[in-house]
Amino acid sequence: MAHTTVSSSNIRHASDLTEQEEMFMPCMVGAMESQFLKMQCQILGARRCLDIGTFTGMSAIAMAEGILSDGTVVTLEYDEDIARVAQMAFDAATVGSRIDLKIGKAVDFMRQMVKDGDKFDLIFIDADKQSYIEYYELALQILTTGGIILADNSLCALCTTRHRISVA
């Protein structure tokens with residue numbers, strides 16, 4: 001570990017909690033990906049981030065560690081049981097006060113964000129793959145100039161939505 005940055009205690013706790021609560025571990029953002037998210041927030045100087053698909057909170061925590069000290073991560077989770085575990089991780093994290101967990105359909109929240117004129121510096125899409133195109137189209141409307149959109153498992157998402165993509 002002398003040549004890499006070890007994940008924070010916040011990230012390690014979220015991982016441990018995911019295992020203790022017997023959540024489906026492969027859905028969790030990995031240690032390297034969480035470090036990447038944190039770094040992207042730091043490079044951007046991000047103040048507001050949107051996490052579409054909370055799962056047990058590792059990506060939201062990583063972004064909260066990387067944003068400016070007065071920043072916020074809004075994270076969207078559909079499943080109440082999963083959100084309960086994520087909230088436990090947020091409550092224990094030193095950056096938990098920077099995280100706003102919303103429970104319900106991400107598309108509905110995002111449509112409201114468009115109406116409200118909300119803007120985000122970084123948007124991370126990591127939810128139900130069949131909705132990626134809709135998430136992406138909505139994300140474009142709430143992304144700040146110079147902001148970035150990151151999509152996890154995007155090749156998997158393309159496979160599930162192949163019938164909706166036309167190639168010219």
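**Note on the predicted structure**

1. Without counting residues up to four places away in sequence, Ala 89 touches His 13, Ala 14, Leu 17, Thr 56 and Ile 61, where contact means heavy atoms within 4.5 Å. Ala 89 belongs to helix H4, residues 80-92. Helices (H or I, at least four residues) and strands (E, at least two) are DSSP runs, numbered from the N terminus. The relative accessible area of Ala 89 is 1%, so this residue is buried. The terms are set as follows: buried is under 20% relative accessible area, exposed is over 50%, and partly exposed is in between, with a 1.4 Å probe and protein chains only. One of its contacts, Ala 14, is 75 residues from Ala 89 in sequence, yet the two C-alpha atoms are 5.3 Å apart in space.

2. A remark on the basis of this note. The model is predicted, so local features need pLDDT of at least 70 and side-chain atom pairs count only at pLDDT 80 or more, while totals for chains, interfaces and linings use all residues. Residues are numbered from 1 along each chain as its sequence is written, and side-chain values use heavy atoms, with hydrogens and water left out.

3. How many helices and strands does the protein have? There are seven helices and five strands, and from the N terminus on they run α-α-β-α-β-α-β-α-β-α-β-α. Of the 168 residues in the protein, 47% are buried. Among contacts between residues at least 6 apart in sequence, 73% join residues at least 24 apart.

4. The largest nonpolar core has 27 residues, and Cys 49, Ile 61, Met 63 and Val 73 touch the most other members. A nonpolar core is a set of buried Ala, Val, Leu, Ile, Met, Phe, Trp, Tyr and Cys residues joined through side-chain atoms within 4.5 Å. Two or more residues of this core come from each of helix H1 (9-20), H2, H3, H4, strand S3 (99-103) and S4. H3 gives the most, with six residues. A second, separate core of 18 residues includes Leu 50, Val 74, Ile 123 and Tyr 132. In soluble globular proteins, nonpolar side chains tend to be buried together.

5. Val 73 deserves a separate entry. Apart from neighbours within four places in sequence, Val 73 is in contact with Cys 49, Asp 51, Ala 60, Met 63, Ala 64, Ile 67, Arg 98, Ile 99 and Asp 100.

6. Helix H2 (residues 31-44) packs with helix H3 (residues 58-66) at an angle of about 35 degrees, and their axes are 7 Å apart. Axes are lines fitted to C-alpha atoms, for helices over the stretch in contact, and angles run from 0 to 180 degrees between N-to-C directions. On the H2 side, the contact involves Ser 34, Leu 37, Lys 38, Cys 41 and Gln 42; on the H3 side, it involves Met 58, Ser 59, Ala 62, Met 63, Glu 65 and Gly 66.

7. Glu 65, in helix H3, has a relative accessible area of 14% and is therefore buried. Beyond residues up to four places away in sequence, Glu 65 touches Ser 8, Asn 10, Ile 11, Lys 38, Val 95 and Arg 98.

8. Which residues of helix H5 (residues 106-116) are buried? They are Ala 106, Val 107, Met 110 and Met 113. These residues lie on the same side of H5, because they cover an arc of only 120 degrees around the axis; the arc is that of the directions from the helix axis to the C-beta atoms. The buried residues of H5 pack against strand S1 (48-52), strand S2 (72-77), strand S4 (120-125) and helix H6 (132-142). Just after H5, Gly 117 takes a positive phi of about 75 degrees.

9. In H6, the buried residues are Tyr 132, Tyr 135, Leu 138, Ala 139 and Ile 142. They fall within an arc of 130 degrees, seen down the axis, and so line one face of the helix. An α-helix has 3.6 residues a turn, so residues three or four places apart point the same way.

10. Two loop residues complete the note. Asp 152, in the loop between strand S5 (143-151) and helix H7 (154-160), counts as buried because its relative accessibility is 15%. Leaving aside neighbours within four places in sequence, its contacts are Glu 33, Phe 124, Ile 125, Asp 126, Lys 129 and Tyr 132. Phe 55 lies in the loop between S1 and H3; its phi is near 50 degrees, a positive value in a residue other than glycine. Phe 55 also counts as buried, because its relative accessibility is 13%.
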